[in-house]
Amino acid sequence: WYVVQGQACHEQEIVKKCQRIVKDDEEVFTMLAERMARKDGEWEKVRSVTFQKYIFVETAEPEDFRNRLRKIPGMTKLLKVGDDIVPIYPEEEKLLRLLGGDDHVIGSSVVYKEGDRVTVMNGPLVGLEGLVRWMDRRQRWVRIAVRLADRETLIKLGAEFVRPSEKKLLSP
């Protein structure tokens, strides 16, 4: 996977423009996160862009894709190190695939917290409790630390929090 950097808040628009230039064996997408949000006093499921300014492209020919990308108006560029277009690290791609699956949408996780210990009982964060940096029970989200393009980024993901009495009901 390679990263196309674009304007914040325009990621999905850029994805649509890029989909016009991709070949059959390529994919362009942005990672989305599902979470619950309050709107007009009601909770509803919403999706939001996980990585601001980042669009991902899966291609075997990054230089060719870069040339086609130049035809798209706006501020977009493939991330490079020096003069070389480089993919994200394999461990970063593996984590993003684990979290987002084939549709690149990170669903909510069921979280239980006792003292300082966080346990993820269900969802994409199972086994990744060590990444959790911040939680907001009232707003129903957690922030996790993800390494991407050689820097740590905090991303907001949906979470449903269970009480101690509910934990026993959800345990296998």
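**A close look at Glu26**

Reply: Let's start with a pair of side chains: that of Glu26 makes a polar contact with that of Arg68, at 2.8 Å. A polar contact is a pair of N or O atoms within 3.5 Å; within protein, one must be able to donate a hydrogen and the other to accept it, and residues adjacent in sequence count only if both atoms are side-chain atoms. Keep in mind that this is a predicted model, where local features need pLDDT of at least 70 and side-chain atom pairs count only at pLDDT 80 or more, while totals for chains, interfaces and linings use all residues. Residues are numbered from 1 along each chain as its sequence is written, and side-chain values use heavy atoms, leaving out hydrogens and water.

Where is Glu26? Look in the loop between helix H1 (11–18) and strand E2 (27–29). Helices (H or I, at least four residues) and strands (E, at least two) are DSSP runs, numbered from the N terminus. Glu26 has 10% relative accessibility, so it counts as buried (buried is under 20% relative accessible area, exposed over 50%, partly exposed in between, with a 1.4 Å probe and protein chains only). Leaving aside residues up to four places away in sequence, Glu26 touches Ile21, Glu58, Thr59, Phe65 and Arg68; here contact means heavy atoms within 4.5 Å.

Two other loop residues are worth a visit. Lys53 sits in the loop between E4 and strand E5 (54–58), and His104 in the loop between helix H3 (90–100) and E9. Neither is a glycine, yet Lys53 has a positive phi of about 75° and His104 one of about 60°. Lys53 is partly exposed, at 39% relative accessibility, whereas His104 is buried at 6%.

Two strands pair if DSSP finds at least two bridges between them. E3 (residues 32–39) and E9 pair in the parallel sense over 2 bridges, and Leu32 has Val105 in E9 as its bridge partner.

Now step back to the whole chain. There are 4 helices and 14 strands, and 42% of the 172 residues are buried. Of the contacts between residues at least 6 apart in sequence, 59% join residues at least 24 apart.
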